[in-house]
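Dear colleague,

Please find the structure below, followed by a short account of what was found in it.

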Amino acid sequence: MTVGITLPLGPNDVRQSGNAVDMLVDYAREAASLGVRGVWISQMFDIDALTAVSAIAREVPQIALGTAAVPICPRHPIVLANQAQTVQAASAAA
């Protein structure tokens, strides 16, 4: 069993850092340095979870990634499939 954590990101974090994606990458990098094997991200109102996962995958390749919730209703299935393929390519996952 692999234990992971959900990366926190609230309005105060974004206000302090100025960039939500940079903050998530920093959190993931710190988690990896502490021995955490995986991190999860939920869809939020201010960022897209799949896009954030792509950024983290490029910057912190040694950590496993997952999304806790991604709304599918506003996305056409082809668009969602394209986005998933882009995340896979960005993370160099086979």
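The crossing of helix 2 and helix 3 is right-handed, meaning that the near helix is turned clockwise from the far one by less than a right angle. Helices (H or I, at least four residues) and strands (E, at least two) are DSSP runs, numbered from the N terminus. This is a predicted model, in which local features need pLDDT of at least 70 and side-chain atom pairs count only at pLDDT 80 or more, while totals for chains, interfaces and linings use all residues. Residues are numbered from 1 along each chain as its sequence is written, and side-chain values use heavy atoms, with hydrogens and water left out.

Helix 2 supplies Val21, Leu24, Val25, Ala28 and Arg29 to the contact (heavy atoms within 4.5 Å), and helix 3 supplies Ala52, Ala55, Ile56 and Glu59.

In helix 3 (residues 49-59), the buried residues are Ala49, Leu50, Ala52, Val53, Ser54, Ile56 and Ala57; buried means under 20% relative accessible area (1.4 Å probe, protein chains only). Their cover includes helix 2 (20-33), strand 2 (38-42), strand 3 (64-69) and helix 4 (77-91).

The largest nonpolar core has 19 residues, of which Leu7, Leu24, Ile41, Ile56 and Val60 touch the most other members. Such a core is a set of buried Ala, Val, Leu, Ile, Met, Phe, Trp, Tyr and Cys residues joined through side-chain atoms within 4.5 Å. Helix 2, strand 2 and helix 3 each give two or more residues to this core, and helix 2 gives the most, with six.

Yours sincerely

Conventions
Buried < 20%, exposed > 50% of the residue type's maximum accessible area, 1.4 Å probe, protein only.
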